[in-house]
Amino acid sequence: MSFWKAASAAKALFIRHCYGCHNHNLVKGGIRILHHRLLVNVRKVVIPGRPDESELLQLLVLDSEGAMPPPPRPRLSEAEVRAIRQWIAEGASPFPPD
Ligand code: HEC
């Protein structure tokens, strides 16, 4: 099912690009990147169905301070940003266990 695939792709990208600073032990900015309820319901940085209004997505393409991941980490590629956009657009379903 495609929503499952989108969540699984987003999870893999978050682990690769974000987890180093937003995991259970190191919680930069108060964000645990795989804590779905925190992202969607508490901090509301992901708005299901509304990628353009989702702060998390905006941070990936931001051209100034506050961009994620912060420099000198490499930005996400266009394809990677598209995958996260798609996950949000399809309703930002919870991350599969593995
Ligand atoms: C090198 C460490 C590092 C990495 C990697 C990183 N972040 Fe962050 N992140 C931070 C820090 C530090 C803050 C808090 C300070 C700030 O807002 O700039 C933060 C804050 C945030 C916030 C909260 C912004 C707010 O308005 O409060 C979000 C959302 C976020 N990061 C998402 C991500 C995502 C998504 C990725 C991966 C694509 C990522 N971060 C990768 C260090 C990192």
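This is a predicted model: local features need pLDDT of at least 70, side-chain atom pairs count only at pLDDT 80 or more; totals for chains, interfaces and linings use all residues.
Colleague: Which residues lie nearest the centre of the largest pocket, and how many line it?

Modeller: The lining comprises 22 residues, and those nearest the centre are His22, Ile31, Ile33, Leu59 and Met68, while the space inside amounts to about 360 Å³. Sorted by kind, the lining holds 15 nonpolar, three polar and four charged residues.

Colleague: Which helix gives the most to that lining?

Modeller: Helix 3 does, with four residues; helix 1 (2-17) and helix 3 (55-61) each supply at least two.

Colleague: Turning to the ligand, which residues are closest, and which polar side-chain atom lies 2.7 Å from a nitrogen atom of the ligand?

Modeller: Of the 18 residues that surround the ligand, the closest are Cys18, Cys21, His22, Glu55 and Met68. The polar atom belongs to the side chain of His22, at 2.7 Å from a ligand nitrogen. On the oxygen side, an N or O atom in the side chain of Glu55 is 2.5 Å from an oxygen atom of the ligand, and a polar side-chain atom of Arg43 lies 2.8 Å from a ligand oxygen.

Colleague: How many disulfides does the count give?

Modeller: A disulfide is a covalent bond that joins the sulfur atoms of two cysteines. Here, with sulfur atoms required to lie within 2.5 Å, the count comes to zero.

Technical notes: Residues are numbered from 1 along each chain as its sequence is written. Side-chain values use heavy atoms; hydrogens and water are left out. On a 1 Å grid over the protein atoms alone, a cavity is a set of points where a 1.4 Å probe fits but cannot get out, and a pocket is an open set with protein on both sides within 12 Å along at least five of seven lines; lining residues have an atom within 4 Å of a point. Grid points are joined across faces, edges and corners, and a volume is the space filled by probe spheres set on the points. Ala, Val, Leu, Ile, Met, Phe, Trp, Tyr, Cys and Pro count as nonpolar, Asp, Glu, Lys and Arg as charged, and the others, Gly among them, as polar. A residue is near a molecule or strand if one of its heavy atoms lies within 4 Å of it. A polar contact is a pair of N or O atoms within 3.5 Å; within protein, one must be able to donate a hydrogen and the other to accept it, and residues adjacent in sequence count only if both atoms are side-chain atoms.
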